[in-house]
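Student: Hi! Could you walk me through the ring contacts and one of the helices in this model?

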Amino acid sequence: MRRRSLAFDLLIGAAALAVLALLPLVFPSKALIDFMIRGSALALFATSLNFLVGYGGMVSFGHGMFYGLGAYSFALLMQRTGMPIPAAFALALAMCAALGLVVGAICVRLKEIYFAFLTLAFQMLVHSVIILWVPLTGGDQGLRGGIPRPPFLGINLANQMHLYLTSCTLLVVGLVLMHHLVQSPFGYTLRMIRDNAARTNFLGVGVFRVRLIAFVLAGVFAGMGGVIMSLFVSGAYPEFAYWTVSGEGIFAIMLGGLNSFLGPAVGTVILLVLNDFVTRVTEYYGLTLGVVILLFALGLRRGVLDVLVDLWHRRSTFAKVKA
């Protein structure tokens, strides 16, 4: 059954990637390409955060540290070593996994608010290191000078269309892998821990081990989003590791839906559209965006995709009863 489930996920992923590849041909717009690259980065990040929040019950306010580390480690490796892009990508993700292992070993034993604020403390520590380690990170000015992009396997990431296709591929691959994880026995064990950790531990499940693995995996997928963003801006900036990045991930989950796997991706699109629209029409960006998100939260009380899925289920149930 797992094999069939993975095959189905791969089929859906291939179809989604084909649609994304054809999108610029139907709507030839540089703004759309840029939007999709940014959306791929943030959607990966938000979905990885929901892997912890929605499926693991671990609300992390510091998940942005992995996003920032992915961006900085990849950019530094490319600037300082000149290694091939796939090698730098793999090493950047390995660094995110290592950070997740260290931070997770300390945090995942804690509950609720203590876990949330300790992860936030670690993120602010990472942000402070970026600001203070000026010779390596460029301080508050960020990494400048661009990222070398040597071609590999016929792919030239200096070409915006190649970068777009690569970003979409990483997004689809990341979503397929995360979806397979949440539908696997590991994913159901994670849900069981979320619902009742004491009972799960009584059944002989290693709660600490499962939570730690989930924390590390979520950090790796968030790092993937950071790598995409570093390629998009051709550098890395301290804002990538600031606490507001984690806030954007939480907002995307709230807007799209906590209980639907694609909810964070849908929320990402909504959040980016709101960002682009609000910054054009008013200088009171933060206030306006906060009011809009508050209306979503109070009006729907769930994410958009959660509401749509619930309506679909109700309609299907009503049709069956009527039949």
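**Rings and a helix**

Tutor: Happy to! The charged end of Arg-109 sits over the ring of Phe-208, 3.9 Å from the ring centre; that label requires NZ of Lys or CZ of Arg within 6 Å of the ring centre and within 35 degrees of the ring normal. This is a predicted model, where local features need pLDDT of at least 70, side-chain atom pairs count only at pLDDT 80 or more, and totals for chains, interfaces and linings use all residues. Residues are numbered from 1 along each chain as its sequence is written, and side-chain values use heavy atoms, with hydrogens and water left out.

Student: Which residue lies over the face of Tyr-188?

Tutor: Arg-191 does, at 4.5 Å from the ring centre.

Student: And how many aromatic pairs are there?

Tutor: The whole structure has 7 aromatic pairs. Rings of Phe, Tyr and Trp (its six-membered ring) pair if their centres lie within 6.5 Å; planes under 30 degrees apart are stacked, over 60 edge-to-face, and the rest tilted. Phe-66 and Phe-215 are edge-to-face, because their planes are at 75° with centres 5.6 Å apart.

Student: Where do Phe-66 and Phe-215 lie?

Tutor: Phe-66 is in helix 3 (residues 64-80) and Phe-215 in helix 10 (residues 207-233), so the pair ties together parts 149 residues apart in sequence. Helices here are DSSP runs (H or I, at least four residues), numbered from the N terminus.

Student: Is Phe-66 buried or exposed?

Tutor: Phe-66 is buried, with a relative accessible area of 0%, and Phe-215 is buried at 0% too. Buried means under 20% relative accessible area, exposed over 50%, and partly exposed in between (1.4 Å probe, protein chains only).

Student: What about Tyr-67 and Phe-240?

Tutor: Their centres are 6.1 Å apart and their planes at 75°, so that pair is edge-to-face. Both residues are buried. Together with Phe-45 and Tyr-237, Tyr-67 and Phe-240 form one aromatic cluster.

Student: Switching topic: which residues of helix 5 are buried?

Tutor: Phe-115, Ala-116, Thr-119, Phe-122, Gln-123, Val-126, His-127 and Ile-130 are buried in helix 5. They cover an arc of only 140° around the axis (taken from the directions from the helix axis to the C-beta atoms), which puts them on the same side of helix 5.

Student: Which residues are exposed on the other side of helix 5?

Tutor: Tyr-114 and Leu-132 are exposed there.

Student: And what do the buried residues of helix 5 pack against?

Tutor: They pack against helix 3, helix 4 (85-107), helix 6 (134-137), helix 10 and helix 11, where contact means heavy atoms within 4.5 Å.

Conventions: Helices (H or I, at least four residues) and strands (E, at least two) are DSSP runs, numbered from the N terminus.
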